[in-house]
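Keep the sequence and the 3D view at hand while reading.

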Amino acid sequence: MPGPTARVLTLLELLQSGGTRTVTELADRLGVDERTVRRYAGHLIDLDVPVESVRGRYGGYRLAPGFRMPPLMLSDDEALAVLLGLVAGRRSGLTTATGAAGETATAKIRRVLPERLRLRLDAVLGSLSFTAPPSEADPPDSAVLLPIADAVTRHRPVSIRYTAADGRRSERTLHPHGLVAHSGRWYVTAADLTVGEDRTFRLDRISGVRALPGSFEPRTGADPAKRVLTALATAPYRHEVTLRVQGTAEQIHTRLPAGIAVVEELPPPADAEPEAERWARVDLRVERLDWLPAVLASLDRPFVIERPDELRALVEALAERLTASARRNPPHA
């Protein structure tokens, strides 16, 4: 039979599952009387765990928000999920503040694990390999992420200090629409009241956030993730490329992701056969053209180059190299 200390910890675990638990229910789960349940709740309060008593017919106990996180009771699977999440978050660039926060959280969890479980988790983490390199993106500061997330949820305007890619600094007033994590970076999409346009901002370039009074009406039908991908695909680069590709947007995006290319499926011509495959317009802005011919070849779909003419020459050169390689005889041993 478990001792009093074990039952106090079990009470904490029951309360951490959420909601209000009646004294009768807790007494039944712990195998004690209701008076003992109240005494155990008092022990938790003495340990600064924010246990709140709820009166009434359906009253009982629940955990109230406190000034610090109460002790957590994690199962084997939960501990593994948390530690793997911290490791993956650090590698993908989705942790906030500095890497030290994730490392100290990992150390705290490992320190309180039973040796049996700690050794098993160490075996998983020690034998785990990743196919992708660690992200080099700068994580956003939690002092930036949290107030912006609150403003998105509560539809509150904010003032931010922003440093653009060219180093120019400005202060802007935003109506934030949503947060988006993409390729190791965090973005916020917002109506920029300073210029009267919708814009996308990188959180790691925001140095300060100040909540403003009032509220705004959220935009219906807005898709923050699509807005970020479109902004990335239409960012100003050296070359503007326009293609016509036979296929659907889904087929084209397998080789030209939405963060690189904007794909618009075109209506069929009036005299087209009903079973004829549709064409799509593809727009890209890229700094270099040399990688595009191989990507277009990998699509294995008919395409037409509208611009620029330099891309035609690169595609022809790739075709000649592939033809020469296909006709080349293997060298003799």
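## Ground rules

Two strands pair if DSSP finds at least two bridges between them. Strands (E, at least two residues) and helices (H or I, at least four residues) are DSSP runs, numbered from the N terminus.

This is a predicted model, in which local features need pLDDT of at least 70, side-chain atom pairs count only at pLDDT 80 or more, and totals for chains, interfaces and linings use all residues. Residues are numbered from 1 along each chain as its sequence is written, and side-chain values use heavy atoms, with hydrogens and water left out.

## The five-stranded sheet

Five strands form an open sheet with antiparallel pairing. Their order is β6-β5-β4-β3-β7. At the edges sit β6 (197–202) and β7 (206–211), each pairing on one side only. On average, neighbouring strands of this sheet are turned by 45° against each other, direction ignored. For such angles, axes are lines fitted to C-alpha atoms, for helices over the stretch in contact; angles run from 0 to 180 degrees between N-to-C directions.

Helix α7 (residues 142–154) packs on the sheet. Contact here means heavy atoms within 4.5 Å. Helix α7 touches β3, β4 (169–182), β5 and β7, and its direction makes about 80° with that of β4. Another helix, α8 (residues 224–233), lies across β4, β5 and β6. Helix α8 runs at about 115° to β4. Within the sheet, strand β5 (residues 185–192) is joined to β6 by six bridges, and the two run antiparallel. Look at Y187: its bridge partner in β6 is R202.

## S159 in strand β3

S159 belongs to strand β3 (residues 158–163). Is S159 buried or exposed? Buried means under 20% relative accessible area, exposed over 50%, and partly exposed in between (1.4 Å probe, protein chains only). S159 has 6% relative accessibility, so it counts as buried.

Residues up to four places away in sequence aside, S159 touches E171, R172, T173, G208, V209, R210 and L212. With E171, the side chains make a polar contact of 3.1 Å. A polar contact is a pair of N or O atoms within 3.5 Å; within protein, one must be able to donate a hydrogen and the other to accept it, and residues adjacent in sequence count only if both atoms are side-chain atoms. D138 is 21 residues from S159 along the chain, and their C-alpha atoms are separated by 22 Å.

## One aromatic pair

Rings of Phe, Tyr and Trp (its six-membered ring) pair if their centres lie within 6.5 Å; planes under 30 degrees apart count as stacked, over 60 as edge-to-face and the rest as tilted. By this rule the count is one aromatic pair. The ring centres of Y162 and F201 are 5.0 Å apart and the planes are at 80°, so the pair is edge-to-face. Y162 lies in β3 and F201 in β6, so the pair ties together parts 39 residues apart in sequence. Both Y162 and F201 are buried.

## Strand β8 and its partners

Strand β8 is mostly covered, with six of its eight residues buried. Eight bridges pair β8 with β10 in the antiparallel sense. R244 has R281 as its bridge partner in β10. β8 also runs antiparallel to β11, joined by four bridges. There, V245 has F303 as its bridge partner.

Two residues show the setting. H239 is in strand β8 (residues 239–246). H239 is buried, at 13% relative accessible area. Leaving aside neighbours within four places in sequence, its contacts include L284, V286 and E310. T242 is also in β8. At 2% relative accessibility, T242 counts as buried. The side chains of T242 and R307 are joined by a polar contact of 2.9 Å.

## Helix α10

Which residues of helix α10 (residues 292–299) are buried? They are L292, P293, V295, L296 and L299. An α-helix has 3.6 residues a turn, so residues three or four places apart point the same way.

What covers the buried residues of α10 includes β8, α9 (249–253), β10 (279–286), β11 (303–307) and α11 (309–327). After α10 comes D300, whose phi is positive, near 55°.
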